[in-house]
Amino acid sequence: DIKGFVFDLDGVITDTSILHGTAWHQLADSLGVTWTKELGDGLKGISRMDSLEMILKAGHKENDYTQAQKEELAAQKNTNYVAEVDKMTPANILPGMKAFLDDLRAKGYQLSLASASKNAPRVLGKLGLTDYFPKIVDPASLKHGKPDPEIYTKGAELLNLDPAQCIGLEDAAAGVQAINGAGETSLGIGDATELGAADMVFADTSAVTLANIAKHLD
Ligand code: G6P
Ligand code: MG
């Protein structure tokens with residue numbers, strides 16, 4: 001039986017995936033790296049430094065910068081991203097997600113957060129959702145980022161649940177792979193082709209309800 005839900009944040013609870021994408025796109029432009037939709041999609045769920053490496057590789061520039069310069073570039077992107085996050089309000093919660101979280105809480109399900117973002121507590125604060133997620137996997141504690149299962153394994157551990165008792169929610173292919181690797185049920189939100197590995201896919205957040213999820217479980 002399902003007892004817990006392990007949530008991704010960016011692109012699942014709120015549309016910060018767009019803000020991350022815009023900030024990376026700007027950085028890629030400033031470095032002379034051609035931006036493509038594939039590059040942008042591939043960055044979803046990927047940690048800050050791994051994202052920078054992917055952008056540099058796409059432009060064959062991975063050897064053009066020292067580690068200190070790379071850290072400076074990542075910091076620059078983060079400054080731009082945080083400026084956008086600080087404009088957010090509870091109105092930036094994606095459609096249906098507040099009601100879904102309230103329903104889960106009312107029915108006694110346990111919640112944890114498995115976001116690769118070091119900004120996750122800040123984003124939750126802007127959305128007014130801090131109280132919903134006392135249990136957050138610290139991305140700084142991870143040996144490997146998504147698609148490695150580690151973050152979802154830890155998300156279940158925080159709830160003292162077996163992975164088989166948990167549903168993981170993701171908008172990114174790398175995240176779905178991580179959920180599957182952890183042995184949880186994967187719920188993808190977005191394009192069914194991109195998220196084909198998920199146990200169930202919903203086109204958008206407004207379709208994510210316990211009733212719709214129950215239709216996919218037996
Ligand atoms: C999430 C987002 C990624 C982002 C990563 C790190 O996984 O989907 O786009 O790069 O978090 O976020 P941070 O806020 O720590 O730079
Ligand atoms: Mg995401």
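H60 is found in the loop between α3 and α4, where helices are DSSP runs of H or I with at least four residues, strands are runs of E with at least two, and both are numbered from the N terminus. Phi of H60 is near 50°, a positive value in a residue other than glycine. This is a predicted model, in which local features need pLDDT of at least 70 and side-chain atom pairs count only at pLDDT 80 or more, while totals for chains, interfaces and linings use all residues. Residues are numbered from 1 along each chain as its sequence is written, ligands are numbered from 1 in the order in which they are written, and side-chain values use heavy atoms, with hydrogens and water left out.

Helix α3 (residues 48–58) and helix α4 (residues 67–85) make an angle of about 105°, and their axes are 10 Å apart. Axes are lines fitted to C-alpha atoms, for helices over the stretch in contact, and angles run from 0 to 180 degrees between N-to-C directions. Angles of 65 to 115 degrees count as roughly perpendicular, under 35 as roughly parallel, over 145 as roughly antiparallel and the rest as oblique; α3 and α4 are therefore roughly perpendicular to each other. From α3, R48, M49, L52, E53 and L56 meet Q67, K70, E71, L73, A74 and N78 of α4, contact being heavy atoms within 4.5 Å.

Next comes the sheet. Its 5 strands form an open, parallel arrangement in the order β2-β1-β3-β4-β5, two strands being paired if DSSP finds at least two bridges between them. β2 (110–113) and β5 (200–202) stand at the edges with a single partner strand each, so one side of each lacks a neighbour in the sheet. Neighbouring strands are turned by 20° against each other on average, direction ignored. Strand β1 (residues 4–7) pairs with β2 over 4 bridges in the parallel sense, and the bridge partner of V6 in β2 is S112. Helix α5 (residues 97–106) packs on the sheet, touching β1, β2, β3 (166–170) and β4 (185–189).

Ligand 1 is surrounded by D10, H20, L43, G45, I46, R48, S51, A116, S117, K118 and N119, each with a heavy atom within 4 Å of the ligand. An oxygen atom of ligand 1 lies 2.7 Å from a side-chain N or O atom of N119. The protein buries 97% of the 390 Å² that ligand 1 exposes when taken alone, accessible areas coming from the Shrake-Rupley method with a 1.4 Å probe, where for residues only the protein chains shown count as cover.

Conventions. Polar contact = N/O pair within 3.5 Å; in protein donor to acceptor, adjacent residues only side chain to side chain.
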